[in-house]
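Here is a short report on one structure. Keep the sequence and the 3D view open as you read.

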Amino acid sequence: MTATRPLRTPPPARPARTGLLPWGLSAPLVVLLAVLFIWPVLLLMGLSFGEDGFTLEHYRRLLEVPLYRRVLGNTFLIAAMVTVLCVAFSYPVAYLLATVGERTRKILFVMVLLPFWTSALVRTAAWIVILQRNGILNSVLQSSGLTDDPIAFVYNLSGVLIGMTHVLMPFVVLPLYAAFRAIDASLVLAAQSLGASALSVARRVILPLTAPGVIAGATIVFMNAIGYYITPALMGGPGQTLISMLITQNINVDLNWGLAAALSVVLLVSTLVIFAAFQRAFGLDRLFAGGGGRGAAQPFGLQGRRSGGGWIAAAVGLVVLALLVAPIVLVFPMAASNSPYLQFPPPSYSLRWFANFFDDPKWIRSIWNSLKAASVAVPLSVAIGTAAAIGTSRLPARLRPWMETIFVLPMVVPVILLGVGLYYMLSPLGVLGSPYTLGLAQTALCAPYVFITVRAALKGFDPSLELAAMNLGAGWGTMFRRIMLPAIAPGIAAGAIFAFIQSFDDVVLALFLTNVRSRTLPRAMYEGVAHEIDPTINAASALIILFTILVLALNLIFTRRTRNA
Amino acid sequence: MPDALIGKAVSIRGLWKSYGPQPVLHGLDLDVAAGEFCTLLGASGSGKTTMLKVIAGFETTDDGAIAIDGRDIARVPVAKRNIGMVFQNYALFPHMSVRRNVSFGLEMRGLPKDEITRRTGQALELVELGPFAERLPGALSGGQQQRVALARALVINPDILLMDEPLGALDKNLRQSIQLQLKALHRELGVTILYVTHDQEEALHLSDRIVVMDKGRIAQNGTPEELYNAPASPFVAGFLGECNFVDGPAGPWAVRPEKLRPGPAGAGQREIQAEVETVIFLGAATKIVARGPGGQITSVVTSGPAAARPEIGSRIAFHADEADILTWPAA
């Protein structure tokens, strides 16, 4: 090739002009999280090193007092046990989901997702109704003559394990199912043609290929489990005190803020270490994508006939699925029982407990408080989260992961830390006790959900549409209103629904930031369950489940309609 | 469209663009005359798409000037440039009907309603999509979507129409019929078109002028005939059409396959000896592949009787007219 033109040296490259828009759009969420999330957590960290003057006294006590050492050990041990149980139960379920027909799979999926989206508090309350001394399980066992005396299933280790495994299992089932679907069916055929038995296929092909999905799910479970509060607090006994419970006890009973802060820092650092490891190993997307496994060209499914082992696995999977939905289903007959006792099956049916619920000003006021909190949390988090998602998508690729990490941190850090930190920060200001303050605090929890759903919707938005609109003469505002907004509207709607569920189900923040007058429905329920379960709580549970189903159905109808349009 | 749509001239001087340390455009100069169909032809990474993006205003330039009809547009924002663009994936707004897609640019210009209706209708007639006006883009075939994209870009009476591999997603038969329509449309409307493709046949088929690009530089700029008959470099000769490169005793030379015929050379002709490897009957023509001194050569001749074909494995002479020999000064 001949150079016809005299060669010039290129002028120094200028950085691409991205403008201030991305920063302006991201700023509100940054400010919100700085004030309502990072600042209170930093206050706690400071407090753990002494209120006046630096001291390691609190940490020294954590290591020296045997009780505290035992709690720390217990927390990680129980979290590990829950993780193992989740993985063990998830394999048969994921296998079953992957090997049934399309229509059956849809039904089975509902059995996984319904508990996933039902408030953890409701599920915990239902388990207590089933497992307690005079609960459903014991009455069935005794009336069938299998046992003479009631067995203690709850307020001990088994209660904590059952409750937490039930709450956290979907975090393994979903990525594991995705991992199964990412396995190419021809791999199984190839292994069989080379002489592998069903067991060898499972051990040598399926297990290694699904391992990354399982490890991702297990990490999320473990991370959640070490900071969990509601379920262990309600279903465990004194021997199952976890870090989170020790924190509340030090604040509410012992009034030892320094020690509570030190415990919080231990919890925070443990969570962040696990989170960092997860992010290094799997990337941030895996945290929310339900495994993120790309479907194989011909995804793993049933090859010919099920083997003997396959039948056993499928049967176990079905039993586990039944256990997943059981507490949710059983709430309904219990709520419609005519009996003042938690008898099963109920001797006769009536709506008296629902009537009781609606007649009691305590419950009605708590519903209003919940809605007031949501009326702040949902619109605010939708506006701020959407803006941040659009802003982040326009940031230079180098900075994007950092912003995304900051924005999702509130989903990762145990809520109990946020509750304690905000309580400490806000109580001197005299703004506690208002449901609107609670709503503002919940925005920090809700906005990340909006951020993630809108971010996902933006990934499906063809950037050339934006260029085409501008090229045809549209300014940025017009382009956003007429082209981008219609495209990402389903994502925003889904984000709003997740934000609402987060706000409406929140117990932990409400426990710290509300009082008797401003308590929300979940807090009123929590107190009822902690004190003594009466049938009105079953009615409240049933109403919350129905409401959740309604909201999710609306979401489903909405997304389906926009997809068909 | 009756509104006299005559394209404007584009003039580009000293265009530099880099992503990171590596320049993508090396100080390019390019002139496109009003109403001309000019094609940027190059492999991926040659800088041709970047060139379009810079002209459309989607990318900033590091240095250089872009003028339309003598007016510098470097500082004009994208939305005010009045440049039509047909995207590789069409970029039709999926939630708007075909009609709303086409009228979008007119609405953005704040034209009166009846004019929008009239011009949108005309544009849809022009691409023969009137009956599909109320459908959503997702309900159309690839070829129909392509025509919607074209109508949408043309309806705003653009000063220049940029097309980024617009036929790449279509199958071969459809591509050829749309090429014919596009050529007719261009003649009819007199719009200036700057077209990007990596397909040399498409470039030959459509263009008044072809600009061959290589690694961010212009390798040659000329009519299709000039580029084929007098390629400026071995790169252009190899990129546009097939070419035999021969290492002769007097230095390297090249010849197009249809100019190389079996048989000994006469006066004013050049000869090479080569061993016949394959003979392929292509219908009207027959292709002879042989091993020559510089490597493989091909000769394409009008098909004669089967008996006249050379024997595989035989060593025969090929010749070409001196006038058809391509040589370049040593680089």
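## Two domains in chain A

Which domains does the domain assignment of chain A give? There are two entries: domain 1 covers 52-330, and domain 2 covers 359-565. Keep in mind that this is a predicted model. The centres of domain 1 of chain A and domain 2 of chain A, taken over C-alpha atoms, are 24 Å apart.

The two domains touch. Domain 1 of chain A puts 27 residues into the contact, and domain 2 of chain A puts in 28 residues. On the domain 1 side, four helices of chain A each supply at least two residues: α5 (120-131), α11 (230-235), α12 (243-252) and α13 (257-282). What kinds of residue make up the side of domain 1 of chain A that touches domain 2 of chain A? It has 21 nonpolar residues, six polar and no charged.

## A buried helix

Look again at α12 of chain A, one of the helices on that domain 1 side. Is it enclosed or open? Seven of the 10 residues of α12(A) are buried, so the helix is largely enclosed by the rest of the structure. Here a residue counts as buried if 20 or more other C-beta atoms lie within 10 Å of its own.

## Where the chains meet

Chain A also touches chain B. The contact takes 24 residues from chain A and 31 residues from chain B. Two helices of chain A, α20 (463-471) and α21 (476-505), each supply at least two residues of the chain A side. Which element gives the largest share? That is α20(A), with six residues.

By class, the side of chain A that touches chain B has 14 nonpolar residues, six polar and four charged.

## Chain B as a whole

Chain B has 331 residues, and 41% of them are buried. Its secondary structure comes to eight helices and 17 strands. Its C-alpha atoms fill a box of roughly 75 × 45 × 35 Å, taken along the principal axes.

## A sheet in chain B

Find the open sheet of four strands in chain B. The order is β2-β1-β4-β5, with antiparallel pairing. Strands of a sheet pair through backbone hydrogen bonds. Which strands lie at the edges? They are β2 (22-32) and β5 (71-72) of chain B, and each pairs on one side only.

Now take β1 (residues 10-19) and β4 (residues 63-68) of chain B. These strands pair in the antiparallel sense over five bridges. B:Arg13 stands opposite B:Ala65 in β4(B).

## An exposed leucine

B:Leu180 lies in helix α5 (residues 172-189) of chain B. Is B:Leu180 buried or exposed? It is exposed, with 11 other C-beta atoms within 10 Å. The cut-off for exposed is 12 or fewer.

## Confidence

How confident is the prediction for chain B? Its mean pLDDT is 88, and 98% of its residues reach 70 or more. The model as a whole scores ipTM 0.75 and pTM 0.80.

Conventions. Residues are numbered from 1 along each chain as its sequence is written. Chains are lettered from A and ligands numbered from 1 in the order in which they are written. This is a predicted model: local features need pLDDT of at least 70, side-chain atom pairs count only at pLDDT 80 or more; totals for chains, interfaces and linings use all residues. Domain bounds come from an automatic or database domain assignment. Two residues are in contact if their C-beta atoms, placed from the backbone, lie within 7 Å. Ala, Val, Leu, Ile, Met, Phe, Trp, Tyr, Cys and Pro count as nonpolar, Asp, Glu, Lys and Arg as charged, and the others, Gly among them, as polar. Two strands pair if DSSP finds at least two bridges between them. pLDDT is the predictor's confidence in each residue, from 0 to 100.
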